[in-house]
Amino acid sequence: IFFTRCGNGTYSSGDLFGIDYQQAFEYFSPAAAMGHTQAMIYLGFMYQCGDYVQKNIPMAREWYQKGADLGDKAAAHYLLNLK
């Protein structure tokens, strides 16, 4: 489980359970590139909150959009609620 909280109602287990964000990023990046929508959402979280990567809202939006375009309802939800 990998969640983050940075203003859109999502919660981070990273702070609670010591997520290795570098390892997570290295895992999620190729998975997202292969079309895994959950990985796209996790990358969106990372870019939205600046976990391991520099905070980048346009990049977060891009990852959420890619997931939503593949029919992922959670990605669509996060896209709509992105501030």
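Helices (H or I, at least four residues) and strands (E, at least two) are taken as DSSP runs and numbered from the N terminus. The structure is a predicted model, in which local features need pLDDT of at least 70 and side-chain atom pairs count only at pLDDT 80 or more, whereas totals for chains, interfaces and linings use all residues. Residues are numbered from 1 along each chain as its sequence is written, and side-chain values use heavy atoms, with hydrogens and water left out.

The protein chain contains five helices and zero strands, in the sequence order α-α-α-α-α. Of its 83 residues, 43% are buried, where buried means under 20% relative accessible area, exposed over 50%, and partly exposed in between (1.4 Å probe, protein chains only). The accessible surface of the chain is about 4900 Å², and carbon and sulfur atoms contribute 55% of this area; accessible areas come from the Shrake-Rupley method with a 1.4 Å probe, and for residues only the protein chains shown count as cover. Among the contacts (heavy atoms within 4.5 Å) with a separation of 6 or more, 38% are between residues 24 or more positions apart.

A nonpolar core is defined as a set of buried Ala, Val, Leu, Ile, Met, Phe, Trp, Tyr and Cys residues joined through side-chain atoms within 4.5 Å. The largest such core has 22 residues, of which F28, L43, M46 and Y64 touch the most other members. At least two residues of this core come from each of α2 (21-33), α3 (37-49), α4 (57-69) and α5 (73-80). The greatest contribution is that of α3, with eight residues. In soluble globular proteins, nonpolar side chains tend to be buried together.

Eight aromatic pairs are present in the structure. Rings of Phe, Tyr and Trp (its six-membered ring) pair if their centres lie within 6.5 Å; planes under 30 degrees apart count as stacked, over 60 as edge-to-face and the rest as tilted. F25 and Y52 form a tilted pair, with 5.6 Å centre to centre and 50 degrees between the planes. This pair joins distant parts of the chain, since F25 belongs to helix α2 and Y52 to the loop between α3 and α4, 27 residues apart. Y52 is partly exposed, with a relative accessible area of 44%, and has a positive phi of about 75 degrees although it is not a glycine. Most residues other than glycine have a negative phi.

One aromatic cluster is formed by Y27, F28, Y42, F45, Y64 and Y78. F28 and Y64 are also among the core residues that touch the most other members. K66 lies over the face of W63, at 4.4 Å from the ring centre; a charge sits over a ring if NZ of Lys or CZ of Arg is within 6 Å of the ring centre and within 35 degrees of the ring normal.
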